[in-house]
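Thanks for coming. I will walk through one structure this morning, and I will keep to what can be read from the model.

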Amino acid sequence: MSDAQTIEQLRHIGWRGEALPDDGRRLARVVAQHRAGYELHDGSLTFGAQPAGHFLKRGLDPAERPAVGDFVEIEPGKPPHILTVQPRRTVLSRAAAGERYERQVIATNIDYVLVLTGLDGDFNPARIERYLSLTEGSGAQPVVILSKFDQRDDAQESIAELRARLPVGTPIHAINGKDPGSVAVLSVYMKLGDSAVLVGSSGAGKSTLTNTLMGSERMATGAVRDHDGRGRHTTTYRALLQLPSGGCLIDTPGMRELKLTGEENLDLFADIEALAENCRFADCGHGSEPGCAVQEALHDGELSAERWRNYLKLRDEREEQATLLESRLRRQRGGRPAAKPHGPRGSRERE
């Protein structure tokens with residue numbers, strides 16, 4: 001097979017490169033990861049593979065190991081072995097659970113992050129803001145999908161509430177995940193060569209939506225609890241699927257914990273940052289200080305108390321994670337960990 005034919009074949013699993021590796025090694029994409037190894041796809045076939053020994057070294061940053069969505073170079077064998085990971089053009093990650101700082105890659109080489117939330121007990125604008133904050137630094141475009149639109153008579157009120165909280169231009173689609181006609185609006189994100197990752201809590205309808213997009217029952221689905229709309233994990237591992245439309249979709253298990261990495265800009269809350277710039281004091285704590293523009297906006301209803309609380313929560317978490325990240329980097333450089341900031345700051349009136 002010629003290089004041109006191989007590249008065309010790889011296009012069907014999201015390859016964007018104009019050339020193949022110079023060393024002539026076979027290229028494939030990671031479509032799943034299990035305890036026993038990886039599943040790869042070369043645009044024609046799916047096959048199992050194992051990581052080369054250097055990926056198994058103790059102390060290696062887990063983010064440097066192959067992840068779902070990666071394009072990797074492999075060497076022949078029984079089984080084949082993954083030798084290198086091609087540079088990632090986009091990466092969606094989160095901080096792993098626990099006190100020790102560690103980054104967990106959710107998906108790579110994606111164009112869209114589809115944030116799915118049910119318009120039932122699962123509906124939570126603050127959680128959606130958290131997902132979008134994580135997406136900011138990924139390089140992919142966030143798209144909010146509200147499922148179970150057919151189950152709510154007052155769905156338009158929830159949609160309007162969400163639109164008021166999110167930046168202008170954020171795509172929001174309300175759908176019935178079981179209806180192919182309803183989900184057709186998502187086809188713009190599923191074109192040939194496009195890759196999207198589907199994220200959301202258990203019971204939001206990820207597997208149902210995936211099955212509708214696939215046109216077949218590929219993923220198991222389960223019931224949700226009546227009181228909060230949550231369900232059990234029907235998807236147990238991340239998997240990349242080729243859609244009939246030509247795009248690729250990475251389905252993920254429901255995520256119970258979404259910790260920021262410390263590198264987010266929180267551009268989602270640019271309006272609040274702009275308000276703070278109008279405070280009388282440059283280091284205003286936005287509490288009882290005179291001339292606080294934030295407090296005035298809260299009092300006038302220009303800024304909702306719920307959104308303000310969520311901003312503070314995410315901002316503080318980002319700063320804590322940034323400190324942990326800096327400490328880790330300093331240890332790797334052989335220096336002393338950065339000390340956490342403490343103590344109140346003095347007030348200084350803006351000039």
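This is a predicted model: local features need pLDDT of at least 70, side-chain atom pairs count only at pLDDT 80 or more; totals for chains, interfaces and linings use all residues.

Helix α2 passes helix α8 in a right-handed crossing. The two axes come within 10 Å and cross at roughly 35 degrees. Helix α2 covers residues 125-136, and helix α8 covers residues 305-332. On the α2 side the contact is made by Ala-126, Glu-129, Arg-130 and Ser-133. On the α8 side it is made by Arg-307, Asn-310, Lys-313, Leu-314 and Glu-317. By class, that contact has two nonpolar, two polar and five charged residues.

For the overall picture, the protein chain has eight helices and 13 strands. Of its 351 residues, 49% count as buried. Among contacts in the chain with a separation of 6 or more, 65% are between residues 24 or more positions apart.

How many cavities of 30 Å³ or more does the count give? The count comes to one. The volume of the largest cavity is about 40 Å³. Its lining consists of Leu-92, Ile-106, Val-113, Tyr-131, Leu-134, Thr-135, Val-199, Met-255 and Leu-258. Which element gives the largest share of that lining? Helix α2 does, with three residues. By class, the lining has eight nonpolar residues, one polar residue and no charged ones.

One of the lining residues, Leu-134, is also in contact with Thr-261. Thr-261 is found in the loop between β13 and α6. Is Thr-261 buried or exposed? Its relative accessibility is 5%, so Thr-261 counts as buried. Leaving aside neighbours within four places in sequence, the contacts of Thr-261 also include Ser-93, Arg-94, Ala-95, Tyr-101 and Arg-103. Gln-321 and Leu-325 are in contact with Thr-261 too.

The loop between β13 and α6 also holds Leu-266. Leu-266 has a phi near 55 degrees, a positive value in a residue other than glycine. Leu-266 counts as buried because its relative accessible area is 1%.

Lys-148 is another residue other than glycine with a positive phi, here near 60 degrees. Lys-148 lies in the loop between β9 and α3. With a relative accessible area of 12%, Lys-148 is buried.

Lys-78 and Pro-79 are joined by a cis peptide bond, with omega about 5 degrees. Pro-79 is in the loop between β4 and β5.

Next is helix α5, residues 206-214. How many of its nine residues are buried? Eight are, and the helix is mostly covered. The buried residues of α5 are Lys-206, Ser-207, Leu-209, Thr-210, Asn-211, Thr-212, Leu-213 and Met-214. They pack against several strands, namely β8, β9, β11, β12 and β13, and against helix α4. Just after α5 comes Gly-215, which takes a positive phi of about 80 degrees.

His-173 is in strand β10, residues 172-174. His-173 counts as buried because its relative accessibility is 16%, and the cut-off for buried is under 20%. Leaving aside neighbours within four places in sequence, His-173 is in contact with Val-143, Val-144, Ile-145, Leu-146, Val-185, Leu-186 and Tyr-189.

The other is Pro-51, in strand β3, which runs over residues 46-51. Pro-51 is buried, with a relative accessible area of 14%. Neighbours within four places aside, Pro-51 is in contact with Tyr-38, Leu-56, His-81 and Ile-82. How many residues apart along the chain are Pro-51 and Pro-66? They are 15 residues apart, and their C-alpha atoms are separated by 7.9 Å.

That is the last item on my list.

Terms used. Residues are numbered from 1 along each chain as its sequence is written. Side-chain values use heavy atoms; hydrogens and water are left out. Axes are lines fitted to C-alpha atoms, for helices over the stretch in contact, and angles run from 0 to 180 degrees between N-to-C directions. Helices (H or I, at least four residues) and strands (E, at least two) are DSSP runs, numbered from the N terminus. A crossing is left-handed if the near helix is turned anticlockwise from the far one by less than a right angle, and right-handed if clockwise. Contact means heavy atoms within 4.5 Å. Ala, Val, Leu, Ile, Met, Phe, Trp, Tyr, Cys and Pro count as nonpolar, Asp, Glu, Lys and Arg as charged, and the others, Gly among them, as polar. On a 1 Å grid over the protein atoms alone, a cavity is a set of points where a 1.4 Å probe fits but cannot get out, and a pocket is an open set with protein on both sides within 12 Å along at least five of seven lines; lining residues have an atom within 4 Å of a point. Grid points are joined across faces, edges and corners, and a volume is the space filled by probe spheres set on the points. Buried means under 20% relative accessible area, exposed over 50%, partly exposed in between (1.4 Å probe, protein chains only).
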